2 protein chains.
Amino acid sequence: MTARPVLGILGGGQLAQMMALAAIPLGIQCHVYDPDPVAPARLCAIHHCAAYDDTAALVRFAEAVDVITYEFENIPLSCVSFLNAHKPIMPGISALQVCQDRLTEKTFARSLGFATAPFVDLVPTLSSTDALHAVGAPAILKTRRMGYDGKGQQIVQNAEELDRARATYGTLELILEGIVPFLHEVSIISVRAPDGTTVRYPLIQNTHRHGILRTSIAPAPCHTAALESLADQIASTVLDAVGYVGVLTVECFVVAAPGGSTLVINEFAPRVHNSGHWSIEGATHSQFDYHVRAVMGLRIDPPELRGWSALCNLIGDEPADNDIPVGVAVHRYHKTPRPGRKVGHLTITTTDHATLQHTIDACSELTGIRIP
Amino acid sequence: MTARPVLGILGGGQLAQMMALAAIPLGIQCHVYDPDPVAPARLCAIHHCAAYDDTAALVRFAEAVDVITYEFENIPLSCVSFLNAHKPIMPGISALQVCQDRLTEKTFARSLGFATAPFVDLVPTLSSTDALHAVGAPAILKTRRMGYDGKGQQIVQNAEELDRARATYGTLELILEGIVPFLHEVSIISVRAPDGTTVRYPLIQNTHRHGILRTSIAPAPCHTAALESLADQIASTVLDAVGYVGVLTVECFVVAAPGGSTLVINEFAPRVHNSGHWSIEGATHSQFDYHVRAVMGLRIDPPELRGWSALCNLIGDEPADNDIPVGVAVHRYHKTPRPGRKVGHLTITTTDHATLQHTIDACSELTGIRIP
C-alpha cells in the first residue's frame, strides 16, 4: 500500500463526520479525537476516545496523523499547543486564539478596518451604567469564551439587569455588545490554501431561532454586487492577515447604510460551518472537501454552484424518510435526539428561487418540532 | 441512542466503500465482510475480516446486521444460502443464481423475450465444429461462472482453436457465444424497491479497453427515444420477473436493426456497477444511495440529472491531484496500485456535451498509463 496521508481531527461530531466522508474519496483517511464514545465521526474515521488532557492519548493521536485540524474552536488551547509540538495544526494557533475570545475577535476585525457591533471589555471595574452608555441599551452580555448556538449570552435592558446578570457569571470574563439593527444575517465561507489561493462561496443568508441556525440559503437572496465585493475584501484580508489555511467562516449582519447596505462582522469561526452544509449537494466542491484539501496541501479550485440551495437543520428530532419532500437530501448525524440538539439537516437544490422557498416551507414543517 | 438500521455488505471493495459512504447520511451504518485485511470499505464500515466459509464469523456478521447485500455476484452460493437462514439477503438468491451463470442468465433473458448474443451450452459431448456452426465464427469462449473484467474468456477463430482452448479449462463448465457486431455498448442501471417502485437512469454509454471499462457517459450520446423505451421494458420486466430489490445493471449492445437500432442483452450485474459511478456527482440520487434505500426499505424517487456526466476509471495508477483538470471530481479507493487494477475514478459533470468530451480527453491522458 502506498503511504496515504492521514488527517487528525480534534472533535468527532457531525462536522468531523462530514469532513471524514469528504476525505475518503480524496485518498485521505481521518483519525478523530473525542472523549464521547458515540461521537458521530467514529463511523468513518479511526476514533481516539480520550479526554482532551490525556497527554499519552494525545501523543498517540499526533503520531498516527500527518496534519491536525479541528471541528470546533473551543478546544482547550493547552491541548492544541501540546499537539502543535508534534504535528502541524491547521488552521494555526493564532487563528484559534483570535476566534476563541470575542474581545480579541472584535478587536482584530476592527484593526483590519471592518465594522463590528459596538462593544466594551466588561472588566470588573467598569460600571454597568458606563458600559451600557458605551454600547447603547438594550445590549447583549456575552462570555468572552466558550459560547456557541446562543449559549453564554443574554440580552439586558438596563444597568440593573446588567448588574444582576454579571453577578451570575462569577469570575468569567465578559464582553458587552451593542445590538445591531440588522436587515439580514449572512455568512462568508472562504478557504485559503497554503500557497495563498483563496476562494469562497457567494454570501449565504441565515435564519436563526432561539439562537440556533434554522435555515441557510445560497446565494443569499439579499446579496448585491456591493455586498459580494465587501465580502471578498473581508475574506481575503482576514485570511491573509493570519496566514490562514483551511475554511474560515465570517458571520455578518447586513445593515442599512447610506446608498445601500453594508456588512458588520459578528463573529469568526475558524472551521467549516453549519451554514455551509448545503455545499455538499449544491456546489462542485463542498466546504468539507475544501477544508480537507487546504489543510492537506491539495489544490483549491473555485466552486461552481448547482443553482439555488438551502439548508434546513433538523433540531431535536428527525423526520421519517417518507415525510421528506421528493428531491430533498437528508443527512442524519447518528446522534441521540434531544430538545434543541442538531441531529441532522436537509438540503434542497433547485434551479429557481420560487421552488426553493416553497420546498423550504415544506421542510420547515418537519424540522425542530420538539424545540422547547 | 435510537436503534438505527444496520446494513451488512458481502465484499469490502470500492463498491462497498461507496455504498457505506452513501449509507451514513441516511442514518444507516454498514458492516462489511471481506477476508482482505485492507479492504477499501474498512475505512467507513465495521470490517468483519474472515473467509467466506468461516461459519462462526458469518453468524457473527449476520447477527450484527438487519439486512445483507453484496457488492459482487461471484460470492459462493453456499455462503449466501447459509446467511439467508439468519437475515434477509437482497437482492434475493434467485437473482444471484441467475447472474452467476452466463448460461442461466442468457436463457432467462431470452425467456423474457429479449435478444441476446447467440450462445450454446458447451457440454463435453458437443463438438467444437457443431458449437461454432451454431453461433458463428469467430466466437467467444467463456466460463459459465466467475468471470469479470474480461477474465475467464477468449476469442476463438475456428474449431482447432476452440478445441485447444477448451482443453485448458479442465472440468470447468463453458459457454460459447457468438460475437455481436455492436455499434455501442450501453448499460441500464435501475433500482426496484420492495413495493415494486422502479426508477432508472437514462442509458449510459460505455467504452472498454482490454476488457476493462474505461469511460462511461450519461446520458448515452447514442440514445434515442426508441432505445430508452426498450430499456424501460427490459428493466421493469427483468426486475419484476424475479421480485428484485436493489440496483440491477443490464449491460447491452446497441446493434443496427431495420428502421434504427436496438438493444441486445450482454449480461446482468445484480448490484451497483462501475458504469454508474458518475451518479455520485451527476444525479440527485447516486446508485449507491438508491441501492441502500431499496434494500433498507426506504422510498425511491426518480433521479434528476445534473447535465452531462462522464466517468473515467483510474486503472493501474493514480494521477497527482495537481494533474486533475479543474472541476473534475476524484475518487480514490485506497487500493495498492498494480497494472490493470481499478484504483479510483474521475467524474466530469458539465452542462454541454462539447465540454464533456474535451474534458474526457484531458482525463484520458491521466488514466491507465501503466496498463500493459
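Begin by selecting Tyr33(A), Tyr52(A), Phe61(A) and Phe72(A), which ring pairs link into a cluster. Rings of Phe, Tyr and Trp (its six-membered ring) pair if their centres lie within 6.5 Å; planes under 30 degrees apart count as stacked, over 60 as edge-to-face and the rest as tilted. This is a predicted model, in which local features need pLDDT of at least 70, side-chain atom pairs count only at pLDDT 80 or more, and totals for chains, interfaces and linings use all residues. Residues are numbered from 1 along each chain as its sequence is written, chains are lettered from A and ligands numbered from 1 in the order in which they are written, and side-chain values use heavy atoms, with hydrogens and water left out.

**Aromatic pairs in chain B**

Tyr52(B) is in the loop between strand S3 (46-48) and helix H2 (55-64) of chain B, while Phe72(B) is in the loop between strand S4 (67-70) and helix H3 (77-84) of chain B, 20 residues apart. Helices (H or I, at least four residues) and strands (E, at least two) are DSSP runs, numbered from the N terminus. Buried means under 20% relative accessible area, exposed over 50%, and partly exposed in between (1.4 Å probe, protein chains only). Tyr52(B), with 18%, is buried, whereas Phe72(B), at 24%, is partly exposed.

Next, select Phe182(B) and Phe253(B), whose ring centres are 5.0 Å apart and whose planes are at 10 degrees, so this pair is stacked. Phe182(B) lies in the loop between strand S8 (174-178) and strand S9 (184-192) of chain B, and Phe253(B) in strand S13 (residues 246-257) of chain B, so the pair ties together parts 71 residues apart in sequence. Phe182(B) is partly exposed at 37%; Phe253(B) is buried at 10%.

**Helix H6 of chain A**

Move to helix H6 (residues 128-135) of chain A and select its buried residues, Ser128(A), Ala131(A), Leu132(A) and Val135(A). They cover an arc of only 95 degrees around the axis (taken from the directions from the helix axis to the C-beta atoms), which puts them on the same side of H6(A). What is exposed on the other side of H6(A)? Thr129(A) and His133(A) are exposed there. The buried residues of H6(A) pack against strand S5 (119-121), strand S6 (139-143), helix H7 (159-168) and strand S8 (174-178) of chain A. After H6(A) comes Gly136(A), with a positive phi near 90 degrees.

**The nonpolar core**

A nonpolar core is a set of buried Ala, Val, Leu, Ile, Met, Phe, Trp, Tyr and Cys residues joined through side-chain atoms within 4.5 Å. The largest one has 115 residues, and those with the most contacts inside it are Leu7(A), Leu346(A), Leu7(B) and Leu346(B). Select Leu7(A): leaving aside its neighbours within four places in sequence, its contacts (heavy atoms within 4.5 Å) include Ile28(A), Val65(A), Val292(A) and Met296(A).

**Chain A as a whole**

Of its 372 residues, 60% count as buried. Its C-alpha trace spans about 65 × 50 × 40 Å along its principal axes.
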